[in-house]
Amino acid sequence: MSARRKTEKKVEAAQAKAEPASKSEGAITIPASLTVKQLADLMGVSAVEVIKKLMRQGIMASINQVIDYQTAATITPDFGYQALAEQGPTQAALLAQRRKRFVEDDTGAQKPRPAVVTIMGHVDHGKTKLLDAIRETNVAATEVGEITQHIGAYQVEVHGQKITFLDTPGHEAFTAMRARGAQVTDTAILVVAADDGVMPQTIEAIDHARAAGVPIVVAINKMDKPEANAQRVKQQLADLGVVCEEWGGDVVCVPVSAKKKEGISDLLENLLIVAEMEELKANPERRAIGTVIEAKLDKSKGPLATVLVQIGTLKMGDPLVIGDTWGKVKAMFNDRGKRLKKAEPATPVEVLGLGSVPQAGDTFRVTATEREARTLAQRGQEEKRLATLRPISPPRLTELSSQIREGQVKELNIILKTDVQGSIEPIKTSLERLSIDEVKVNILHSGSGSITEGDVLLALASRGIILGFNTRPEPGAKQMAEAEGIDIRLYEVIYNLVDDVERAMKGMLEPTYVEVVEGHAEVRAIFAASRRAKVVGVYVSDGKVARGAGARIIRHGEVVFESTVSSLRRFKEDAKEVATGFECGVGIEGYNDFEIGDIIELYRRERQ
């Protein structure tokens with residue numbers, strides 16, 4: 001039986017918590033997937049006995065076969081154990097992590113503030129419709145006749161308490177904010193369609209929320225559909241470590257129908273409960289600090305920025321600085337287009353009066369005087385200029401050992417992408433075993449398919465590296481990684497992948513080399529140079545051909561052989577290199593099976 005798509009912790013963690021449990025203990029914690037041997041070790045029995053029990057269930061499994069939680073749970077009672085699903089990080093742990101995220105200069109005069117909520121989930125699961133339903137139910141009905149303007153964030157009121165929604169749905173938008181240093185969200189709503197269930201982007205959204213230390217509230221949407229199955233969704237989420245309250249977990253799961261606007265009030269009330277648990281507070285009596293949610297240049301109004309006030313109160317006339325720009329608050333508008341004189345903590349407003357358009361994700365700060373704001377903006381411009389001269393690179397595998405010794409790295413965050421789902425679990429288990437006292441190996445996200453821009457964004461936000469097994473980065477992801485300095489490592493053998501990470505942690509990783517393509521040549525004629533060797537007449541279509549260069553033979557778009565250029569001649573004379581537009585004779589070390597039309601790609605390797 002194939003493994004589940006996701007498991008949150010390694011089996012060894014469960015074994016560390018409880019050595020092979022005695023039968024009197026009665027319960028063992030089992031992850032979403034594990035091997036037959038690992039299950040046997042957890043129960044302290046022979047793997048052969050486990051295999052026999054599985055065979056009686058009609059499941060033919062070997063000792064290293066990966067089975068899922070449900071399969072394991074069907075046979076554990078036969079050995080005297082009750083199976084308990086291993087959960088991911090608890091909401092309490094996430095809340096504790098969340099509280100440490102934003103520390104004020106002064107802790108006095110703090111008052112409760114509204115929660116800031118972001119909606120995430122798989123495409124077409126109803127994120128936008130849910131936002132619209134919340135907005136229409138709580139805003140439009142009470143604001144008849146007012147012009148509604150979209151500013152990227154808005155507030156609703158439930159039983160006299162406010163909730164702020166960031167209208168930037170999608171985990172990639174959420175992570176892009178974090179990648180730029182913005183930590184604005186208190187709670188994430190995970191939208192899962194009841195008829196569709198957990199999908200790849202659902203898993204990604206869970207990983208991105210956990211990486212940010214944000215508690216999750218699940219909205220099981222499309223409950224109006226005949227094929228809706230909320231129990232199936234809850235089971236799929238439980239397999240990922242997101243266990244709903246009614247299943248014994250601590251994650252709030254609310255069935256809703258955005259289309260029929262059903263369950264919206266229950267969802268909002270539960271968001272208030274989670275907010276109470278977070279004990280969200282801020283000091284409204286000091287000068288405002290916050291984050292830019294989005295910014296634009298309006299033809300008539302000039303630079304406009306939608307900002308979220310996080311500490312203090314933003315007032316009309318306040319001088320403020322955002323990165324390398326500054327200005328004075330000339331006007332503030334809420335999402336309904338209403339002018340405001342002040343904006344308290346967790347309030348989103350559109351601000352008019354900046355000198356230029358700031359970057360989304362930047363922090364804004366109100367200063368005592370305009371002169372101070374101008375000075376800080378100039379300093380920001382200088383820091384930006386110096387940053388381009390001396391860029392701070394994200395962690396790289398080659399530098400990991402020195403960073404560990406210097407105490408810069410306490411956790412190695414890894415984004416793992418593989419060609420097939422079945423490769424994920426053995427690689428994850430092997431990598432997590434590498435954790436040592438000085439540094440913990442943390443698999444932030446894993447999945448099958450090519451490496452995407454979303455993976456690069458997550459690596460950037462979490463200061464992680466990307467490991468690819470039998471997969472490649474998409475062109476856009478490759479460009480983004482190169483621009484941001486994100487380390488992408490590609491492997492075709494699992495042992496090489498694991499060994500590289502282990503050697504990097506111990507400071508023994510060999511230097512890496514990058515491939516530089518020097519040119520291409522097309523085979524137009526084939527000659528016998530001797531009984532055993534053949535040379536080809538080629539036309540150099542681009543770049544150059546050099547003796548001793550690396551060479552790969554490409555036929556119909558596929559690489560059929562890889563070696564080096566052993567001989568190079570032009571007009572019967574030996575040559576060191578031949579440039580674009582010329583013909584020459586080429587011999588490839590160890591290869592004679594040429595065909596007319598083959599492409600020879602020439603390359604060299606450079607040490608990074």
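This briefing covers salt bridges in the structure and where their residues lie. The model is predicted, and it holds 19 salt bridges. Side chains of opposite charge can pair when their charged atoms come close.

- K37 and D41 form a salt bridge through their side chains, with an N to O distance of 3.1 Å.
- Both residues belong to helix α2, which spans residues 36-43, and K37 and D41 are 4 residues apart, or about one turn of the helix.
- K37 counts as partly exposed because its relative accessibility is 38%, between the limits of 20% and 50%.
- D41 also counts as partly exposed, at 30% relative accessibility.

**Between a loop and a helix**
- The side chains of E246 and K234 meet in a salt bridge at 2.5 Å, N to O.
- E246 sits in the loop between α9 (230-239) and β11 (252-255), whereas K234 sits in helix α9, so this pair ties together parts that are 12 residues apart in sequence.
- E246 is partly exposed, with 46% relative accessibility.
- K234 counts as buried because its relative accessibility is 10%, and buried means under 20%.

**Between a helix and a strand**
- D455 and K417 form a salt bridge in which the closest N and O atoms are 2.8 Å apart.

**Network**
- A network of salt bridges links E522, R524 and E583.

Definitions and conventions
Residues are numbered from 1 along each chain as its sequence is written. This is a predicted model: local features need pLDDT of at least 70, side-chain atom pairs count only at pLDDT 80 or more; totals for chains, interfaces and linings use all residues. Side-chain values use heavy atoms; hydrogens and water are left out. A salt bridge is a side-chain nitrogen of Lys or Arg within 4 Å of a carboxyl oxygen of Asp or Glu. Helices (H or I, at least four residues) and strands (E, at least two) are DSSP runs, numbered from the N terminus. Buried means under 20% relative accessible area, exposed over 50%, partly exposed in between (1.4 Å probe, protein chains only).
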